[in-house]
Amino acid sequence: MRQSLIMGNWKMNGSAESAKSLCNAIIEGLNTGDAGIAVCAPYVYLADLQALTADSPLAVGAQNVADQASGAYTGEISATMLKEFGCEYALVGHSERRTYYGDTDESVAARFCQAQAEGVVPVLCIGETLAEREANETFNVVNRQLDAVIEKAGIEALSNAVIAYEPVWAIGTGVTASDDQAQEVHKAIRERIGAKDQAIADKIQILYGGSMKPANAKGLLGMADIDGGLIGGASLDAQSFLDIYHSV
Ligand code: PEP
């Protein structure tokens, strides 16, 4: 039985004050169950969150990580630095990074390896655009994004990683994949991993992301291969985020 994981992605929102109060409201309202819970916050708030979450089950993650270990990479944040600030997770390959900041399959694979080398669990985000879905390219795209990481890191690397299937057309749009649409892709991802290593496939958490809200969470989270959610907009409201968590 895989543990579920509910993870928020705050993106570039909030202020030092609002980040602290959102974090406190989540901790206060949390009835911890078997599922894990985490928030991926902007880098500059990680130190505050590290302190606030120290005695709570709420884990902290970053929204990206550098593809190099250290050196002359102005503006980048290394996995070692994330570890220093208590990050358990780092998103890699979020579609907004791929679309706006030029993250490629190769650089995402390098980020994945950097995170893992420091004991930060990479959350590999993969998913197709609307045009790709309409061109029946969904599985090719998702396979390509997944294979790039497996080629660089090796299949064993997935034994300590999380995957987030996030159809780009569902992110921040209010349009969510149906339960069956999401399950179909999650199952295919698990089967592709299983073709290389069934034990890892059985164990890996595959989260769904894309306009998940309290109203649609129960259906999505009830699907056999959906092990949790990566939640953007709804994670900025403590009650919505907690409602999703408590619906697991
Ligand atoms: C995300 O940013 O990963 C995401 C899923 O956003 P939203 O929930 O707002 O669609």
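**Notes on the predicted model**

1. Gly-61 touches Val-39, Cys-40, Ala-41, Leu-46, Cys-87 and Tyr-89, leaving out residues up to four places away in sequence. Bear in mind while reading that this is a predicted model. Gly-61 is found in strand β3, which covers residues 58–62. Its relative accessible area is 0%, so Gly-61 is buried. One of those contacts can be given a distance: the C-alpha atoms of Gly-61 and Cys-40 are separated by 4.2 Å, though the two residues are 21 apart along the chain.

2. Next, Asn-9, which lies in strand β1 (residues 5–9). Is Asn-9 buried or exposed? It counts as buried, because its relative accessibility is 4% and the limit for buried is under 20%. The side chain of Asn-9 reaches the backbone nitrogen of Lys-11 at 3.1 Å. Setting aside residues up to four places away in sequence, Asn-9 touches Cys-40, Gln-63, Leu-91, His-94, Leu-230, Ile-231, Gly-232 and Ser-235. Cys-40 is also on the contact list of Gly-61, and Lys-11 and Gly-232 turn up again at the ligand.

3. On to the ligand. Which of the 14 residues around it come nearest? Those are Lys-11, Glu-166, Gly-172, Ser-211 and Gly-232. Sorted by class, the shell holds four nonpolar, eight polar and two charged residues.

4. For Gly-172, a backbone N or O atom lies 2.6 Å from an oxygen atom of the ligand. A polar backbone atom of Gly-232 is 2.8 Å from a ligand oxygen, and for Gly-233 a backbone N or O atom is likewise 2.8 Å from an oxygen atom of the ligand. As for cover, the ligand taken alone exposes 290 Å², and the protein buries 96% of that.

5. Ser-211 is found in the loop between β7 (205–209) and α10 (214–221). With a relative accessible area of 11%, Ser-211 is under the 20% limit and therefore buried.

6. Asn-136 also has a positive phi in a residue other than glycine, near 60°. The loop it lies in runs between α6 (130–134) and α7 (138–153). Where does Asn-136 stand on accessibility, buried or exposed? Asn-136 is exposed, because its relative accessible area is 68% and the limit for exposed is over 50%.

7. Now the packing. In the largest nonpolar core, of 65 residues, the members that touch the most others are Trp-10, Ile-26, Leu-146, Leu-158, Ile-189, Ile-193 and Tyr-208. Helix α11 (residues 238–246) gives the most to this core, with five residues. Apart from it lies another core of 14 residues, and Met-7, Val-162, Leu-207 and Leu-230 are among them. Leu-230 is one of the residues that Asn-9 touches.

8. Leaving aside neighbours within four places in sequence, Trp-10 is in contact with Ala-19, Leu-22, Cys-23, Ile-26, Val-39, Cys-40, Ala-41, Pro-42, Leu-49, Gln-63, Ser-235 and Leu-236. Val-39, Cys-40 and Ala-41 are also touched by Gly-61, while Cys-40, Gln-63 and Ser-235 are touched by Asn-9.

9. Asn-64 lies in the loop between β3 and α3 (79–84). Its relative accessible area is 6%, so Asn-64 is buried. Neighbours within four places in sequence aside, Asn-64 is in contact with Tyr-43, Leu-82, Ala-90, Leu-91, Arg-97, Asp-103 and Arg-111. Leu-91 is on the list for Asn-9 as well.

10. Last, two serines. Ser-15 is found in the loop between β1 and α1 (16–29), and Ser-18 lies in helix α1. The side chain of Ser-18 reaches the backbone nitrogen of Ser-15 at 2.8 Å. Ser-15 counts as partly exposed because its relative accessibility is 32%, and Ser-18, with a relative accessible area of 31%, is partly exposed too. For spacing, Ser-15 and Val-44 are 29 residues apart in sequence and 9.6 Å apart in space, C-alpha to C-alpha. The C-alpha atoms of Ser-18 and Gln-50, 32 residues apart along the chain, are separated by 15 Å.

Key. Residues numbered from 1 in each chain as written. Predicted model: local features only at pLDDT ≥ 70, side-chain atom pairs only at ≥ 80, totals over all residues. Heavy atoms only, no water. Near = heavy atom within 4 Å. Polar contact = N/O pair within 3.5 Å; in protein donor to acceptor, adjacent residues only side chain to side chain. Areas by Shrake-Rupley, 256 points an atom, 1.4 Å probe, with all protein chains shown as cover. Nonpolar A, V, L, I, M, F, W, Y, C, P; charged D, E, K, R; others polar. Core = buried A, V, L, I, M, F, W, Y, C linked by side-chain atoms within 4.5 Å. Buried < 20%, exposed > 50% of the residue type's maximum accessible area, 1.4 Å probe, protein only. Helix = DSSP H or I, 4+ residues; strand = E, 2+ residues; numbered from the N terminus. Contact = heavy atoms within 4.5 Å.
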